[in-house]
Amino acid sequence: MKYLVIAAGILSTTAAVADVPELTVYTYDSFVSDWGPGPAVEAAFEEVCGCDLKLVGAGDGAALLARIKLEGARSDADVVLGLDTNLTAAAKATGLFAEHSVVADYTLPVAWGDKIFAPYDWGYFSFVQNADATAPTNFKDLAASDTKIVIQDPRSSTPGLGLLMWVKAAYGDEAPAIWADLSDNIVTVTKGWSEAYGLFLEGEADMVLSYTTSPAYHLIAEEDDSKAAALFDEGHYLQVEVAGKLANSDQPELADQFLDFMVSEAFQSIIPTTNWMYPAVTPAAGLPAGFETLVQPGKSLLLTEDEAASVRDAALDEWLTALSQ
Amino acid sequence: MADCAQPVSPRPGIGAAALVVALIFGTLTAVALRAEVGRGFGASDWAAVRFTLTQACLSAVLSVGLAIPVARALARRRFFGRRILITLLGAPFILPVIVAILGLLQVFGRAGWISSGLALLGLEPVQIYGLHGVVLAHVFFNLPLATRLILQGWQEIPAERFRLAAQLGADSRAMWQLLERPMLIRIVPGALAVVFAICLSSFAVALTLGGGPRATTIELAIYQAFRFDFDLGRAALLSALQLVLTGTAALVALRVAVGEGFGTGLDRALRRWDGTRPIARLLDGMWIATAAVFLMLPLGAIVLSGLPGLTGLPASVWAAALNSVLVAALSTVLLLLLALPMATAVALGRGGAIELAGILGLAASPLVIGTGLFIVIYPIADPFALALPVTALVNAVMALPFALRILVPRAQVVVGRYGRLALSLDMRGWPFVWRVLLPRMRPQIGFAAGLAAALSMGDLGVIALFADPEFATLPLQIYRLMGAYRMEAAAAAALVLLALSMAAFWILDRGGRWHAEA
């Protein structure tokens, strides 16, 4: 093991930079990727902070929380960015997070009053399909049709869990019946979003669980208007992505500065065309051209974090039972 | 057998095995010790165990069962493109799971080539999702590996035996009873155990092609315990169960795989005189063609979907490719350092425990090993700084079971044939290893190294927990491209990965057998 440490030391590229304070932000992997918001956010923040911003990717939102739990109070992280409201209750229960001081004029579809976590973007879960296909108008309509869908497993995927919550929020005790009716529409269940979206693009299913903003990627980045999100009249479940600072941060002021920066124009204008979500505070210049074509759900559904935490296990059991028949 | 009656010492092998066991059980214990809450086994867990065992057994039996006639045909026939075919046999095995799934579905899926063909004839599409889909995918992954392992068994039979059998007028059936069947009894159980172990820890393949939560495997339950419930105690418990199941399978296989080798030959090139009748040629040709088509179609699909995006690949993909090559190289070296002493020790008669230790690498959940290593390393060192060595080490341990299956039979042959001669010449220790053992094992070392390099290249492994922001491997970059909607670029990057893995496999495998005919 000693040799490994030495070898690692030689091969390591993360040499500490003297004098400049370092702010470590843990986030999900697609945020830090070259195609995500990470590189632009890092450049923009370092311009104003006189610091070194280190973005660390750790799987997805749930893996991120697991990582923080593993590291506990010793964590090097100053800020965690990328949890959603299905995870915030568990995150708060760790006692590792401190209150933030962010004040912003949010353009979220719901009121926001969380003292620990501040939102940075949001989106509606939705089924995405080819624009020329007839879209079902709600879950019952979908279940009655012979439309084939591919979804993600709530046990391993954030959107998968979102769908579970969506059906629960829309139908409550009726949810098991909805799942039972949907079971013959479900082609398969995948481990994560990428597998499901890949299968959909290959034509394995007519629809895939994704976001209302997904068609914006195809429209803006690929100039392809062949994808559309189906509008469901029972409302669409919201995903609000949030960040919080850790109580044991060794850079608390810098962490606060980052959270303030997060809801500022510079950060928020990066989000729409890199994370393909709605910014938490709409930039002064408005949303990028193309976003106006996206469907606007008439009703937003969102379980509070406590509701989400309390129905989660039961909802999973219902889902497993209905789909294992 | 006492140490003094052997040309080399088994101690380095025992040490390597102890290291592997320490890694697997150490990480498992580390995870278990961090457990706060713990939930016992429920009905859904037993359902997961049942499904896991069913699919793993079916996949192992079918993969190995089909591999026998394919390997026999390949052993008996010489034809143009045979070498390339044998190299390509390594390909399915080394693909990242997500790429292989997409490739398979392009052929067998609802909108795949076969379904489209059937639609032209007015027929229903193929129904791929279900237990049979899981088994089909696992056969796609493991048939090639099983074929290579068994083909190697054929090549271990000394050429003199075939010559003698031919002189005595043995026909195909007699050849089978005298030479091939006893060889298979020695080789097949080990191959079965390896494939069973791989399929046991399957997760994404089983879930996607199984068509839903009916196809929940133990590995998925571990994943759920870790990230949905954050119940580390349960994750450790499930992982231990996986180890016990694999360990049992391995023990049974080792117990069954008995029989003496074929003794000494003059190490000369193999020539066959049997199987010359037209019907035998036709059957062999059919087996080879069927296997080739079954394996090549999905690979073809991957190549075709990767080509369009190839020119526009971002520089970061190439940087990641370089990282992957580094990981693969380091992992290959580590693997050989572990596997060669272990194989030698097994050949010296210290079998059971060491072989068992070797196969456990497959059964250990990568998630649990990664988490355990993280828990152990985090207090003493920066996990990011260790991303490269840790990934390489875990990949090496995962490749160890394959390497041992490849190296052990040959090491046994070499020690059996030359051990006493070396002792009588008082040739012990390093000179024996250097002048006798290694040169005679060269093709097997090349094959094992090639497989390890290719596997390591394609494995996402434990990188997720240790991922340094500046250190992305190619599989990770493929996932990131897909996560950013860039499916075309991801397909192109997958093609690069396929090409790199095949190149590494080809170079090492060929390097090992430059003088051999297969």
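# Close-up views of the predicted model

**View 1. A:Gln152 stands opposite A:Thr190 in β7(A).** This is a predicted model. β6(A) and β7(A) pair in the parallel sense, with 4 bridges between them.

**View 2. Strand β6 of chain A also pairs with strand β8 (residues 207–211) of chain A.** The sense is again parallel, over 2 bridges. Here A:Ile149 of chain A has A:Met207 in β8(A) as its bridge partner.

**View 3. Strand β6 (residues 149–152) of chain A is covered on both faces.** In a regular strand, side chains alternate between the two faces of the sheet. On one side of β6(A) lie A:Ile149 and A:Ile151. On the other lie A:Val150 and A:Gln152. All four of these residues are buried.

**View 4. Chains A and B meet in a contact that takes 49 residues from chain A and 50 residues from chain B.** Several elements of chain A each supply at least two residues of the side that touches chain B. The helices among them are α1 (2–11), α2 (29–32), α4 (61–71), α9 (193–201) and α13 (305–323). The strands are β2 (52–57) and β7 (186–190). By class, this side of chain A has 22 nonpolar, 16 polar and 11 charged residues.

**View 5. B:Gln106 lies in helix α5 (residues 97–108) of chain B.** Is B:Gln106 buried or exposed? B:Gln106 has 22 other C-beta atoms within 10 Å. The cut-off for a buried residue is 20 or more, so B:Gln106 counts as buried. Neighbours within four places in sequence are left aside in what follows.

**View 6. B:Gln106 and B:Thr248 are 37 Å apart in space, C-alpha to C-alpha.** In sequence, 142 residues separate the pair.

**View 7. Helix α2 (residues 43–76) of chain B packs with helix α7 (residues 131–156) of chain B.** Their axes are 6 Å apart. The angle is about 40°. Angles under 35 degrees would count as roughly parallel, and 65 to 115 as roughly perpendicular. α2(B) and α7(B) are therefore oblique to each other. The crossing of α2(B) and α7(B) is right-handed. Which classes of residue make up the contact of α2(B) with α7(B)? The residues divide into 19 nonpolar and 6 polar, with no charged.

Terms used. Residues are numbered from 1 along each chain as its sequence is written. Chains are lettered from A and ligands numbered from 1 in the order in which they are written. This is a predicted model: local features need pLDDT of at least 70, side-chain atom pairs count only at pLDDT 80 or more; totals for chains, interfaces and linings use all residues. Two residues are in contact if their C-beta atoms, placed from the backbone, lie within 7 Å. Ala, Val, Leu, Ile, Met, Phe, Trp, Tyr, Cys and Pro count as nonpolar, Asp, Glu, Lys and Arg as charged, and the others, Gly among them, as polar. Axes are lines fitted to C-alpha atoms, for helices over the stretch in contact, and angles run from 0 to 180 degrees between N-to-C directions. Angles under 35 degrees count as roughly parallel, over 145 as roughly antiparallel, 65 to 115 as roughly perpendicular and the rest as oblique. A crossing is left-handed if the near helix is turned anticlockwise from the far one by less than a right angle, and right-handed if clockwise. A residue is buried if 20 or more other C-beta atoms lie within 10 Å of its own, exposed if 12 or fewer, and partly exposed in between; C-beta atoms are placed from the backbone. Two strands pair if DSSP finds at least two bridges between them.
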